[in-house]
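Hi,

Here is the structure you were after, with my notes below it. Have a look first, then read on.

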Amino acid sequence: MGKHKTPMLDELENGPWPSFVSDIKQQVEKGKHILKDAPDDLLGVLEMSYEDKVTHWKHGGIVGVFGYGGGIIGRYCDQPQQFPGVAHFHTVRVNQPSSKYYTTKFLRELCDLWDRHGSGLTNMHGSTGDIVFLGTTTDHLEPLFYDMTHELNQDLGGSGSNLRTPECCLGMSRCEFACYDSQEACHQMTNAYQEELHRPAFPYKFKFKFDACPNGCVASIARSDMSVIGTWRDDIRINQEAVKAYVGGELKPNAGAHSSRDWGKFDIIAEVINLCPTNCMCWDGSKLEINNAECVRCMHCLNVMPRALRIGEDRGASILFGAKAPILEGAQMSTLTVPFMKMEPPFDELKELIEKVWDWWMEEGKNRERLGELIQRKSMQEFLRVIELEPDPRMVDEPRSNPYIFWKEEEVEGGWTRDIEVYRTKHPR
Amino acid sequence: MGKHKTPMLDELENGPWPSFVSDIKQQVEKGKHILKDAPDDLLGVLEMSYEDKVTHWKHGGIVGVFGYGGGIIGRYCDQPQQFPGVAHFHTVRVNQPSSKYYTTKFLRELCDLWDRHGSGLTNMHGSTGDIVFLGTTTDHLEPLFYDMTHELNQDLGGSGSNLRTPECCLGMSRCEFACYDSQEACHQMTNAYQEELHRPAFPYKFKFKFDACPNGCVASIARSDMSVIGTWRDDIRINQEAVKAYVGGELKPNAGAHSSRDWGKFDIIAEVINLCPTNCMCWDGSKLEINNAECVRCMHCLNVMPRALRIGEDRGASILFGAKAPILEGAQMSTLTVPFMKMEPPFDELKELIEKVWDWWMEEGKNRERLGELIQRKSMQEFLRVIELEPDPRMVDEPRSNPYIFWKEEEVEGGWTRDIEVYRTKHPR
Amino acid sequence: MPYDPSNPLQDRITDIGPRYFREFFPPVIEKNFGKWEYHEILEPGVLVHVAEGGDEVYTVRVGGCRLMSVEHLREICEIADKYCDGYLRFTTRNNIEFLVSDKSKVKPLIDDLKGRKFAAGSYKFPIGGTGSGITNIVHTQGWAHCHTPAIDASGVVKAVMDGLFEEFGSMNMPAPVRVSLACCLNMCGAVHCSDIAILGIHRKPPMIDGEWIDKLCELPLAIAACPTAAIKPAKSAGGLKSLEVNGERCMFCGNCYTMCAAMPLADEVGSGIAILVGGKLSNRISKPKFSKVVIPFIPNEPPRWGSTVAAVKNIVDVYAKDARKYERLGDWAERIGWERFFEKTQIPFTHHLIDDYRFAYTTWRQSTQFKF
Amino acid sequence: MPYDPSNPLQDRITDIGPRYFREFFPPVIEKNFGKWEYHEILEPGVLVHVAEGGDEVYTVRVGGCRLMSVEHLREICEIADKYCDGYLRFTTRNNIEFLVSDKSKVKPLIDDLKGRKFAAGSYKFPIGGTGSGITNIVHTQGWAHCHTPAIDASGVVKAVMDGLFEEFGSMNMPAPVRVSLACCLNMCGAVHCSDIAILGIHRKPPMIDGEWIDKLCELPLAIAACPTAAIKPAKSAGGLKSLEVNGERCMFCGNCYTMCAAMPLADEVGSGIAILVGGKLSNRISKPKFSKVVIPFIPNEPPRWGSTVAAVKNIVDVYAKDARKYERLGDWAERIGWERFFEKTQIPFTHHLIDDYRFAYTTWRQSTQFKF
Ligand code: SRM
Ligand code: SRM
Ligand code: SRM
Ligand code: SRM
Ligand code: SF4
Ligand code: SF4
Ligand code: SF4
Ligand code: SF4
Ligand code: SF4
Ligand code: SF4
Ligand code: SF4
Ligand code: SF4
């Protein structure tokens, strides 16, 4: 049994969903982690929080590995005497491989490494995407880093005011909807910007995320300063025979995603034609037609009939900027900025764009001002000017309704300088 | 011919639409107005503006009639030597009768009065709704007011920081859609608040407008601080025979409003059922059904089939607050505040509400702050508190998406006062 | 007793309000008040309303130009006397309505109205403005009476209505198209929620009349009036208290000029017209909505504002051809997408059209849904 | 050479980035990269993807609890070795995917997974999380590691997932329902765009640790951090430089605490849970949207957060019964109207739910369209 009585946490061992409490207890019992008391004391301090309904972690301190400004989150317990095993309990963010495929070999190496240098507890994975090693002491940081780079050929992820660990959907590796190689893009962009990732020089954090299609399986539009979302600009490919098979009931709509409930016979009109947001589809009982010019590539029809409809062949991505959580000015989603860009390695066009964005943000951004907030403060048009893009109605849901236009002097014939005396010759006081 | 050459204005005598230039010239020629040169000089100064592309009216001065703080807009020409007839050219706002029915007798009396005291030019009507007498001199104001009140039993309208002349749609006088007596409401509210209308005591202007149904023929939702818009809460009355007559083509859809173009045969499914914003209608080929609980009373089906569908019988109005033009913070439409109120003379419930609103606005409103801006500044919930209304999801299009809730101390168990030392006993530094 | 200038307050009457509207009702209106059952538009500009008991009232609607002489009003009265037992009304959009309860009088009334023209040839009483057509333009004072306009009002309206004359006299639009005009950002009208709005805008920051400003204005009020804090205190060349405007921060709203006569904005080339489209007021099908700026600037072109007329006509024509029955202009633009609106109307999309005011973010596109 | 503490910079390797992902691809994935033609969900949690050439890969998805021991990871490896040639992956929502190219191994794998339980009885590897079901809850640290939480994370997630266990293992929702949790307003996750978001919030203004604040914090930074300017300089009782918070202006965002350790907010009764609903991330049919606050506060109820679990279940149940196929929760609420959402879920609508932040006006109802 563990060191501490944890009657409340024990309640969380009940119920069918995997119990993290049971798992930690299993680590307590069989674990070979070097920080012997850590899992046990974690349960102890957590139980104390369950009683107090307040966290017992102190405000993070600054710890790290030499030469890096990020990758480690310092953490100290406010009850170190009672819970010495977690008195120091820093996390280590390890940069996950694109879309998180692993060999058991590599995973075991990670486990061994963490047994040697920490608590034996992890997050698989953190919200940004990192492999998170949960809890170690300062003295373990350098050896861990050394072993990881030397033995595992593996680097840390980001934290602080820098580029954060980029993340992507699984894309072309196992998905028929992938419009570009989100994994390769994620990997190459991560490696191209190692300096930015490890050495904080930005006004605040910056995140890249790569969704290979508008379904958005890595949620880039909501949680990355730059969201790269796959799309195409030619026609959806239609297999008319397969459409008929869906209509005839031989194929399951939406690949069977609704099959635990009886929704009745598939009705292509109700389920596809009428739900298309632009009403650009037509089914005459034997042939499906799509007016591709009006399609906004929402993915619905492809999702419903994946064997009949396939993405176009002239593929690339839309680039959106500015998503973030609520701090300070409220949450934002990313705003469509580049409707279409070809996405081929080495992604030079994308890099050029990013660097323009960063130059501006580093020049103009205030301390702790995310890109999205800077764009709001400085205006979308200012942003477009610095990244040298022409304004496009696709960037807005609708044109402005207020007439408060900031005209520039050079746009107005004769400029702004006028002589009141000249005016007064025609318009006496 | 006129005093001034007006070659540019003369161009506006061409074309089929009634020419105000021709009309002013007709006044110049046959008019019996006392300010002989006014129409002529108005053409002159207007021609000058057409050349200069800048107005020649000076910033308004303060003129009025004794005891009133509004109703007259002072106006002076910046070229008085050249255009002495309009050197002083104040306008007089005359409070129109509800929805602007007139007898020729009364109209002629107005014309005679204005001939005796002004330029002979008017606006029928001003944008707020007043009869506008366009252009007179200060010395005519008192006599005009005296004659108007004594002979015509007629008062001035509003201007300045006061209640402005209220306005209404024609409502029950000639419209089958009227849900309450907008004309009577407009008249009674105007008369109940004569003090507020004539003696500016508000932070800024305040407007009432009364639409008797959601079609909004007096545009209240866009241009009045308080918009009273008719509605009903029982069922739309259906005449099934008439529905069939529409379907059969015996009755013209939308009362013939589209008849100058061939839109094909009336299609009740495409034109009514599918356009209903809540999809609460159903037509099975012989019977029209409406799920009234889901109807949002948008008026579309009633507009399309006025002989088949009639408004419900339990009628009243929705009250919305806060519309205004862009100055300062941007244009606003009114926000739904009271979803339903019965509207019977003497409109006591409405008056009570208004007075609560005014009390708050007069207390809290900054100089030149419209009600809509005050509500934005202080919050909708603060507004609801002072007018003593319970929050209702009908007041919003959607609940807040940000979690930035201003909790009040009394809502939180134990209040806000806490002792940091007590906290520190559990959470040492 | 007549007004006595030496004793202006004698017998004073105040706070009597407007005349009671029911005094002015034609008998058929008075009788059927609240009892109307349905209406029909017999032809453009001609309506019949039928009451529960079967009574009918015919309405003939004619264009009014709002800036109207008493002589013209008297002619209206003459017509109303002849056909309408001395009754008439004005609409909320400045048209004139002749109401007739006797059907046999309708045709003669119409014929009479059609025959009346001003000396130079324009119609005095064009019939129309009903149903899915284009009715009269609500508008404001312009150079005829106001001190802050960027454009004229009556002249622009006359030119545009000449261009839309056919649409006024017919009902060939998909839905009503409401055109409005305001001569400055004060927007004295419902311009901000119109299918097509013609708006006077300035583009040069206010001048400072340094010699007079301290005498004419309360400087702190002018400073406080500026929504963007573009104004700050300064000293004039002669050392007088004055103000200074930071042109970069100015959005040309004119609010400072409203507060202070020594800060005029209007300019021969700086001032002109912006076109907004897609607003609506009714709650029909879709909710009311704001108009959106689609053409940021058209120069003032008196006397006939050719470019403005052409711009409005173009939008009307493209809309009329492309939209569905009952579809208001804004609903159409939203259905096809604003990218298509600009493509179809061939209006260039410029940076001016992207919102950068308070709610800017809420108008940007947070989605990958768009049309190529 | 092993790490030498006396010479920590020797042989230093930096900036090598993550391992190249293609090293970790199972052969069938490597071979068919970019050539997948379609997929099918064979049963809840079990997918097959078919490549152009006919190759197939079967995926069995199981719930992960994210806060995971290395012992547990080793068990995962053992399974992957046994059935999957030593390959596996994790999803973007912290599930584990076992990939099998040999169909005959699928059934044994599933059986094996179903049989594994923790000592106290919970499943180690529940199968599900696909299609129109409810997949894993993305979440954050809570009381297990963070300094700013208002609630725990893992515990709440465990309790809620126990409540949604059936929905995880089946596909009986109208559309996917994504539940997320963040333990404070920093929202480490896509909580702001989730079908259902469980959000930790504080309701008491920060305390000031007057004795330490000047030592611990840069006071001007803390003042500047406050979005509502609720913080101003002050002196502590002992005359030290300190700060003062105007509770009336505080919206409990915690940003000051992020900047200054001497301003803790968390409180036993003040902190708790807000529920937001109706957000989405995909561009499918409708555009992505924010979640909206529908329950402003539920107290912290460790260990099993009964009221929160019940609230989530209630929303899920009402939605599942009422929405149409393919209709996400937010699209459903918008179609029926938020007034109906509150009626059907029987959640009280309180003043807290009305927006009063920056874009508040844009969320109020400017229309007469509503349902009684
Ligand atoms: C570990 C992690 C949560 C988790 O349990 O997974 C995390 C934990 C913290 N986040 Fe986060 N964030 C984590 C992903 C996110 C995400 C999600 C994402 O990246 O996709 C977001 C939302 C997206 C975004 O960036 O806006 C996020 C938005 C924040 C914010 C608010 C930023 C904003 O602009 O609104 C803060 C506050 C701050 O930066 O001061 C924050 C701050 C923090 C801090 C450092 C606390 C603080 O106030 O200093 C937390 C440290 C906790 C600890 O002790 O471990 N964290 N944080 C995630 C990183 C793990 C990883 O590397 O994989
Ligand atoms: C005469 C009239 C225009 C017309 O040609 O019809 C008018 C004329 C003026 N308006 Fe107006 N407004 C007139 C209806 C409106 C309306 C429409 C309405 O009432 O339905 C509005 C928009 C609705 C609203 O109130 O928001 C309107 C919004 C303004 C504003 C902006 C107010 C705002 O909060 O945004 C101003 C600026 C101000 O108050 O300083 C303004 C200011 C003015 C001033 C007094 C100019 C000024 O800056 O001081 C104008 C005097 C012009 C003159 O010399 O005759 N006028 N004004 C309208 C009144 C006639 C009447 O009584 O019937
Ligand atoms: C006379 C007038 C009211 C008054 O008190 O003066 C009036 C009268 C009628 N309106 Fe209106 N509306 C009048 C201004 C308006 C306005 C206000 C405005 O434009 O400034 C609106 C809001 C416009 C907007 O949404 O932007 C308005 C939106 C409607 C609608 C909704 C139209 C829509 O498709 O959205 C209807 C219903 C319909 O047309 O079927 C309507 C219907 C009607 C009906 C059919 C009501 C009835 O049963 O008699 C009347 C004849 C309509 C026609 O002319 O085709 N009336 N109507 C106004 C005539 C103005 C004019 O001279 O042209
Ligand atoms: C494995 C994963 C990607 C990864 O790189 O790890 C993934 C995989 C697939 N997603 Fe996804 N999605 C994954 C997270 C997401 C997310 C992100 C999230 O929830 O945080 C989203 C956005 C959710 C949102 O809108 O809020 C997402 C929105 C979709 C959609 C759009 C669903 C909708 O109705 O809006 C589809 C299309 C569909 O389901 O038909 C989709 C479709 C798919 C398909 C069918 C793609 C394919 O052809 O293989 C994959 C199997 C779906 C399934 O599980 O039913 N995927 N998918 C993620 C699994 C998470 C999990 O463990 O549950
Ligand atoms: S975002 Fe698109 S391409 Fe990527 S995994 Fe999801 S559905 Fe596939
Ligand atoms: S992808 Fe979406 S917009 Fe395009 S055709 Fe399919 S359903 Fe319509
Ligand atoms: S607002 Fe309604 S009631 Fe009033 S005139 Fe227009 S349609 Fe008739
Ligand atoms: S009034 Fe509008 S919402 Fe109601 S049934 Fe008719 S069309 Fe539908
Ligand atoms: S819109 Fe401006 S310029 Fe025109 S009348 Fe109103 S205040 Fe004067
Ligand atoms: S015009 Fe408007 S923005 Fe410009 S200085 Fe004057 S008040 Fe400020
Ligand atoms: S959401 Fe807040 S409390 Fe939770 S991990 Fe992130 S920063 Fe910490
Ligand atoms: S919690 Fe937020 S609003 Fe309150 S004082 Fe701190 S920073 Fe300001």
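In this predicted model, B:Asn123 has C:Leu67, in strand 4 of chain C, as its bridge partner. The two strands behind that pair are strand 4 (residues 121–124) of chain B and strand 4 (residues 67–69) of chain C, which run antiparallel and are joined by three bridges. Strands here are DSSP runs of E with at least two residues, helices are runs of H or I with at least four, and both are numbered from the N terminus. Two strands pair if DSSP finds at least two bridges between them.

Some housekeeping: residues are numbered from 1 along each chain as its sequence is written, while chains are lettered from A and ligands numbered from 1 in the order in which they are written. The model being predicted, local features need pLDDT of at least 70 and side-chain atom pairs count only at pLDDT 80 or more, whereas totals for chains, interfaces and linings use all residues; side-chain values use heavy atoms, with hydrogens and water left out.

What else holds for chains B and C? The contact (heavy atoms within 4.5 Å) takes 139 residues from chain C and 138 residues from chain B. About 12300 Å² is buried between the two chains, and carbon and sulfur atoms give 59% of that; buried area is the accessible area (1.4 Å probe) that two parts lose on being put together, summed over both. There are twelve salt bridges across this interface, a salt bridge being a side-chain nitrogen of Lys or Arg within 4 Å of a carboxyl oxygen of Asp or Glu. One of them links B:Arg108 and C:Asp81 at 2.9 Å, N to O. Helix 2 (residues 70–83) of chain C gives the largest share of chain C's side, nine residues. By class, that side has 72 nonpolar, 37 polar and 30 charged residues. (Ala, Val, Leu, Ile, Met, Phe, Trp, Tyr, Cys and Pro count as nonpolar, Asp, Glu, Lys and Arg as charged, and the others, Gly among them, as polar.)

Now chains A and C. Here 59 residues of chain A are in contact with 64 residues of chain C. The two bury about 5900 Å² between them, 61% of it on carbon and sulfur atoms. The interface has ten salt bridges, including A:Arg400 to C:Asp355 at 3.8 Å, N to O. Chain A's side divides into 31 nonpolar, twelve polar and 16 charged residues.

Chain A also has an open sheet of its own, five strands in the order 6-7-8-13-14 with mixed pairing. Strand 6 (167–168) and strand 14 have a single partner strand each, so one side of each is left without a neighbour in the sheet. Strands 8 and 13 of chain A pair antiparallel over seven bridges, and A:Thr231 stands opposite A:Gly316 there.

In chain D, strand 9 (residues 231–235) and strand 10 (residues 241–245) pair antiparallel over five bridges. They form a hairpin with five residues between them, and D:Gly239 in the turn has a positive phi of about 85°.

Last, the ligands; a residue counts as near one if a heavy atom of the residue lies within 4 Å of it.

- Ligand 8: of its 13 residues, the closest are B:Cys276, B:Cys295, B:Cys298, B:Met299 and B:Cys301. The shell has eleven nonpolar, one polar and one charged.
- Ligand 9: the residues around it include C:Cys146, C:Cys183, C:Cys184 and C:Cys188. Its shell has six nonpolar, four polar and no charged residues.
- Ligand 10: C:Cys226, C:Cys250, C:Cys253, C:Gly254 and C:Cys256 come nearest of 13 residues. Eleven of the shell are nonpolar, two polar and none charged.

Cheers
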